[in-house]
Amino acid sequence: MCLVALLTSVRHSIKLITGNYLANCLTMISIVILWHSLLSGIVNSRLVSGGNKHTPVHLASAMALVKVGFCRHIFFTRYIRELLLAIVQSNIGCNIGGIFYNVLAYADDIVLMAPSWRALQSLINLLSCCALQISMSCNSAKTVCMIFNPKRKKMIIDSDFPCFTLDGIALHFVSEFKYLGHIINNEFSDDDDIKREVRNLFTRTNILIRRYSKCSLAVKLNLFKAYCMCLYDIGIWIYYSNSVFNKLRSCYNKCIKMFFGYNRRYSVTLMLSELNLPSFDNLYMSCVHRFYANCSACNNTLLSNLISLQLLTY
């Protein structure tokens, strides 16, 4: 059994000394803590990356660059590095290939993973304690918990757990959650995320029809390829029902007919041949192959273990 806490936003409780505010995830952080973190780390505190060249800057200039988004993610990653390191070194988490994994982080979105209720509560307490040390706090209003039951029913110990607490506030259990644009549910099903993509594909096509219906065929083809053929996270869909997947295939064909002005009874094969567009099945397999090729070439230990254990296959 795996319990997951999705901390979707980390908020900061101390204003900047300069009175400035950083954009997006860097809302309010302590410049003193950030600066000491840079001085004690491997980052050269006198240099701020500027494309292909490095320019010496003062503290105020560096913070101004962060304010407008320049090197924002580099600064934020360095700012919470000690927090993530403390969680990783706790040796509490899910064992995958002999290695414990307990935290996934992308900017201010953090996921904690543990095999038991007590283990996950310990990670939440550790995260809260380490966040206070760097003048940060977790947004309990946007934090939820999810339980993933094992596939073998006889290994299920219990289905009712006490509420987790974060800074004394009880967290809610959910059956599905949208994380980084992907809908995750506790039944290991991608049906909900496929339905999200169906809605998005119709929405984008209607926007194109409303704004660019009078454009030439060449312009329409470029617009459709750019806005409607880049299906988000399609490569990680594994567990889905054929009926829901067929709805996405039908949606793809309908959107092409709507945008390019074909009759709904027109042959799909002939239409794709005339427009020189790939069929939905070809598009899907191309995305899946590209995704797994990138995973195989990646040096991430988690992805390497999943591939070696054949837990990430297609």
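Is Phe164 buried or exposed? Phe164 is buried, with a relative accessible area of 0%; buried denotes under 20% relative accessible area, exposed over 50%, and partly exposed the range in between, with a 1.4 Å probe and protein chains only. The model is predicted: local features need pLDDT of at least 70, side-chain atom pairs count only at pLDDT 80 or more, and totals for chains, interfaces and linings use all residues. Residues are numbered from 1 along each chain as its sequence is written, and side-chain values use heavy atoms, with hydrogens and water left out.

**Aromatic pairs**

- The structure holds 13 aromatic pairs, where rings of Phe, Tyr and Trp (its six-membered ring) pair if their centres lie within 6.5 Å; planes under 30 degrees apart count as stacked, over 60 as edge-to-face and the rest as tilted.
- Trp117 and Phe164 are stacked, because their ring centres are 5.4 Å apart and their planes lie at 20°.
- This pair links distant parts of the chain, 47 residues apart: Trp117 belongs to helix H5 (residues 117-133), and Phe164 to the loop between strand S10 (143-148) and strand S11 (165-166). Helices (H or I, at least four residues) and strands (E, at least two) are DSSP runs, numbered from the N terminus.
- Trp117 is partly exposed, at a relative accessible area of 27%.
- Phe148 and Phe188 form a tilted pair, with 5.5 Å from centre to centre and 45° between the planes.
- Phe148 lies in strand S10 and Phe188 in the loop between strand S15 (182-185) and helix H6 (191-212), so the pair ties together parts 40 residues apart in sequence.
- Phe148 is buried, with a relative accessible area of 13%, whereas Phe188 is partly exposed, with 37%.
- A cluster linked by ring pairs comprises Phe224, Tyr240, Phe245, Tyr252, Phe259, Phe260, Phe280 and Tyr284.
- Lys220 lies over the face of Phe259, at 5.5 Å from the ring centre; the criterion is NZ of Lys or CZ of Arg within 6 Å of the ring centre and within 35 degrees of the ring normal.

**Strands**

- Strand S10 is largely enclosed by the rest of the structure, because 6 of its 6 residues are buried.
- Thr143, Cys145 and Ile147 point one way from S10, and Val144, Met146 and Phe148 point the other way.
- S10 runs parallel to strand S13 (residues 172-173), to which 2 bridges join it; two strands pair if DSSP finds at least two bridges between them.
- Strand S14 (residues 176-179) and S15 pair in the antiparallel sense over 4 bridges, and Tyr179 has His182 in S15 as its bridge partner.
- The hairpin of S14 and S15 has 2 residues between the strands, and Leu180 takes a positive phi near 55° there.

**Helix H5**

- At the start of H5, a side-chain oxygen of Ser116 reaches to within 3.3 Å of the backbone nitrogen of Ala119.
- The buried residues of H5 include Leu120, Leu123, Ile124 and Leu127.
- Just after H5, Ser135 takes a positive phi of about 60°.

**Cysteines**

- The structure holds 0 disulfides, a disulfide being a pair of cysteine sulfur atoms within 2.5 Å.
- For Cys145, the nearest cysteine sulfur is that of Cys163, 8.3 Å away; Cys145 is buried, with a relative accessible area of 1%.
- For Cys287, the nearest cysteine sulfur is that of Cys230, 8.1 Å away; Cys287 is buried, with a relative accessible area of 10%.

Definitions and conventions:
Polar contact = N/O pair within 3.5 Å; in protein donor to acceptor, adjacent residues only side chain to side chain.
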